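Hi everyone, thanks for coming. Have the viewer open while I talk, and I'll walk you through a few spots.

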2 protein chains.
Amino acid sequence: MGLQPMLSAHGLKGRVTLEFQVPVNEERIEQDIQTIATFTETPGNGASRPTFSKSWRAARDYIVKELESAGCKWKVDACGNLHARPNAIAWDSSTWVSGSHIDSVPNGGNFDGVVGCVAPLEVFRAAKEDQKVVPLELITWAEEEGTTFSLGMLGSRAWTGSLSRDQLASLRNAQGQNYLDAGAQHGVVPDKIGVDKIKPTSIIGLIEVHVEQGPGLWNDKKPAGIVNAIAGRRQYSCVITGVANHAGSTSMRDRRDALAGMSEILLEFEKLAEHLGHRTVITIGQLFPKPNAINVINGEVTFTVDFRTPVTEVLPAGDKGIHKIVEDVCAHRHLIYALDVTESLPAIEMDARVCNRLAKAADKIGLKQIPQTISGALHDAAILAPLVPTAMLFVPSRDGISHNSDEFSRIEDIAAATEILAEAVRDRRIE
Amino acid sequence: MGLQPMLSAHGLKGRVTLEFQVPVNEERIEQDIQTIATFTETPGNGASRPTFSKSWRAARDYIVKELESAGCKWKVDACGNLHARPNAIAWDSSTWVSGSHIDSVPNGGNFDGVVGCVAPLEVFRAAKEDQKVVPLELITWAEEEGTTFSLGMLGSRAWTGSLSRDQLASLRNAQGQNYLDAGAQHGVVPDKIGVDKIKPTSIIGLIEVHVEQGPGLWNDKKPAGIVNAIAGRRQYSCVITGVANHAGSTSMRDRRDALAGMSEILLEFEKLAEHLGHRTVITIGQLFPKPNAINVINGEVTFTVDFRTPVTEVLPAGDKGIHKIVEDVCAHRHLIYALDVTESLPAIEMDARVCNRLAKAADKIGLKQIPQTISGALHDAAILAPLVPTAMLFVPSRDGISHNSDEFSRIEDIAAATEILAEAVRDRRIE
């Protein structure tokens with residue numbers, strides 16, 4: 001990736017020096033991202049940084065070194081999350097919190113999570129250059145993606161008390177080590193889990209910077225977006241049973257084709273998502289047809305449904321619609337089905353005051369009318385939101401591509417988000 | 001399976017003795033089918049008789065033993081096909097031919113192929129009891145299914161000269177043996193392949209009895225059907241490429257979902273098949289979505305298309321329709337595709353004189369207005385049809401189930417087909 005020219009599509013030229021005192025430095029941000037990108041188990045083939053792996057630790061060590069240079073103290077909590085504050089700010093005083101994660105999916109991108117750690121790091125460095133102290137704590141959460149220990153947002157869940165020591169002990173990585181054993185040499189202290197945890201009153205608010213992982217901002221040519229809700233999610237497992245039969249000798253009217261049933265359901269789901277509105281999405285992502293042979297009608301298809309909406313009230317309506325579509329399609333095609341909910345998470349509204357503060361901060365640095373948006377993906381912010389005032393700031397993802405080595409965000413956009421963050425956490429006021 | 005009562009749904013009571021002199025014996029037919037069913041590599045889990053396996057040879061040996069008892073001589077040709085005639089009929093005199101196969105798909109049914117070998121065998125036995133000699137040759141073709149050596153109808157293709165010794169040498173079974181080596185101990189003589197082959201002028205006509213493998217006759221409560229055409233087939237491989245992306249953060253309008261594209265194509269194929277008529281069928285049987293994960297939109301789907309129609313003229317129209325559907329769906333969904341034809345076989349009309357003779361034979365034994373039908377599946381008859389006057393006689397398959405251990409046909413229906421065959425091959429007249 002090359003350093004982007006300051007004269008961007010968004011007309012940001014000169015903004016950094018004219019509007020904002022803290023000199024956010026794009027070259028440092030790019031250096032951080034390029035360096036962390038080198039810490040991967042799959043060089044040349046994207047970021048592969050499983051939590052507690054050597055490459056993951058190398059990335060954390062790099063951030064720690066930069067934090068120390070920026071005049072910060074740091075510690076790792078009993079759950080494995082890295083915390084850092086300016087030396088001048090006591091651990092028990094109240095601050096803003098900003099952070100994200102450095103673990104990745106296999107062969108993932110160089111921006112997912114990393115951007116949200118680099119942004120507060122750069123705020124510390126810029127503030128130091130400006131001889132200011134910002135009331136900010138950086139947290140790098142352990143295991144957000146869920147691909148190392150089969151469950152996402154482990155670090156934030158454990159630190160907020162929604163995962164017990166026993167539960168962590170039951171989660172194992174590909175090497176068969178559980179979370180506690182694998183994390184021991186990286187700061188995890190099993191005996192203190194449930195004790196060393198969040199004190200919500202000491203947190204003014206949480207602002208997580210993250211790449212959008214969708215094409216909305218990129219397509220609309222917006223430099224950033226303020227997330228006002230994280231979508232709720234229901235996931236289902238569905239098995240449709242028809243009759244496997246000869247593809248040549250079974251007439252169209254005599255078929256009970258399970259794959260045709262799934263196909264009709266998928267197209268009906270598309271219409272349902274449009275009908276429900278509010279950026280509702282419904283996806284059939286995984287499917288296993290049987291017998292899956294060129295000359296046989298599929299007698300069975302097992303598939304997953306992933307349904308998300310940022311409006312909690314839409315969840316039951318969508319659930320009803322999904323059930324009705326599966327029932328109706330199977331009825332008229334003479335198929336049998338079993339549809340089970342495998343996960344149900346409510347939608348989470350972000351804190352209006354924090355969103356407003358981010359809008360004002362953007363306005364102040366010359367980025368007018370930053371759009372509000374929703375996050376379809378889950379993040380550590382969703383775990384913290386019920387406990388502390390929370391919002392997120394999205395950076396555009398080129399063509400919306402993420403969880404892919406082609407993932408890309410412009411350094412200038414990351415710098416803009418960093419400036420908004422710096423402006424927002426400049427003092428302890430929330431409004 | 002139990003012996004079916006003679007008073008059937010088709011009102012056949014008394015037909016055997018009243019209308020037909022040769023006493024076709026249902027108990028012998030049932031005994032044949034039950035015995036051959038025991039020759040399987042997967043007892044209790046369907047018929048598994050790969051060509052040249054021990055179980056396949058045991059089935060052939062059983063048929064040979066029965067043929068000898070029925071006063072027949074037999075031989076195996078250089079390609080591995082079993083031939084048998086009454087002792088009184090010279091090998092070089094002209095006869096009718098009837099036969100099918102005893103190899104099976106893995107975990108297949110007990111009727112597919114076997115019925116077409118047992119029917120002419122029973123004609124020989126019945127004729128002997130009746131002290132008659134019928135001008136008939138039985139052929140049990142080697143390797144019809146294509147699951148042993150990855151290509152179907154090998155025995156008939158080789159005997160009719162459309163597969164060379166070199167081609168047979170290149171086809172290998174699961175044990176790595178080629179057709180010639182594996183067949184050596186069962187009668188295959190590599191040096192004589194291409195020499196020991198069909199002499200069309202010595203064959204009056206071919207009648208293959210086979211289970212329907214579709215539900216048409218069973219649903220319409222017909223005891224048999226005369227096949228007047230074997231469907232032509234085009235097969236395709238198609239790859240649709242969209243963009244793999246996050247199922248939560250990519251809005252419905254921003255998606256380029258390859259699976260949604262395939263689903264729409266499948267439903268359009270259903271409409272196209274109805275529009276083309278003539279019992280045209282189009283099937284998407286095999287598909288491989290990528291990355292096939294619950295929370296990711298599929299960026300690529302590779303799938304097969306199997307298109308069959310009994311009317312040769314419909315093949316180019318269907319081909320055009322298939323291309324247009326794939327093109328149109330991909331265009332409006334912003335997907336890229338590659339569609340390649342992997343097989344193209346013309347439709348094959350059966351010989352009208354042989355069909356007529358079968359209809360008259362059915363009429364004579366009291367089965368009025370046997371329906372004419374088409375075969376969607378390919379059979380050895382399709383290989384012989386360009387060379388000799390050919391037709392097929394279908395026996396109803398319960399619920400159309402085939403290539404499945406649940407495959408079932410009524411013994412009384414098999415006996416009825418055997419009687420029609422016996423009547424048709426009673427003398428050397430074709431009209």
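Okay, one definition before we start: contact here means heavy atoms within 4.5 Å. And keep in mind that this is a predicted model.

So, how do the two copies meet? Of the interface residues of chain B, 100% are also interface residues in chain A, so the copies meet through the same surface.

Next, find A:Asp306. You'll see this residue in strand β12 of chain A, the strand that covers residues 300-309. Is A:Asp306 buried or exposed? The cut-off for buried is under 20% relative accessible area, and A:Asp306 has 0% relative accessibility, so it counts as buried.

Who are its neighbours? Leaving out residues up to four places away in sequence, A:Asp306 touches A:Arg233, A:Arg234, A:Gln235, A:Val281, A:Ile282 and A:Thr283, and from chain B also B:Ala247, B:Ile294 and B:Asn295. For a sense of distance, take A:Arg165, which sits 141 residues from A:Asp306 along the chain: their C-alpha atoms are separated by 29 Å.

Over to chain B and B:Arg28. This arginine is in helix α2, residues 26-38. Its relative accessibility is 18%, so B:Arg28 counts as buried too. Again skipping residues up to four places away in sequence, B:Arg28 touches B:Pro23, B:Glu122, B:Arg125, B:Ala126 and B:Glu129.

Last stop, a pair of helices in chain A. Helix α11 spans residues 352-364 and helix α13 spans residues 411-424; their axes come within 8 Å and cross at roughly 115°. α11(A) and α13(A) are therefore roughly perpendicular to each other, and their crossing is right-handed.

Which residues meet there? On the α11(A) side we have A:Arg357, A:Leu358, A:Ala361, A:Ala362 and A:Lys364, and these meet A:Ile420, A:Glu423 and A:Ala424 in α13(A). Sort the residues of this contact by type and you get five nonpolar, three charged and no polar.

Notes. Residues are numbered from 1 along each chain as its sequence is written. Chains are lettered from A and ligands numbered from 1 in the order in which they are written. This is a predicted model: local features need pLDDT of at least 70, side-chain atom pairs count only at pLDDT 80 or more; totals for chains, interfaces and linings use all residues. Side-chain values use heavy atoms; hydrogens and water are left out. Axes are lines fitted to C-alpha atoms, for helices over the stretch in contact, and angles run from 0 to 180 degrees between N-to-C directions. Helices (H or I, at least four residues) and strands (E, at least two) are DSSP runs, numbered from the N terminus. Angles under 35 degrees count as roughly parallel, over 145 as roughly antiparallel, 65 to 115 as roughly perpendicular and the rest as oblique. A crossing is left-handed if the near helix is turned anticlockwise from the far one by less than a right angle, and right-handed if clockwise. Ala, Val, Leu, Ile, Met, Phe, Trp, Tyr, Cys and Pro count as nonpolar, Asp, Glu, Lys and Arg as charged, and the others, Gly among them, as polar. Buried means under 20% relative accessible area, exposed over 50%, partly exposed in between (1.4 Å probe, protein chains only).
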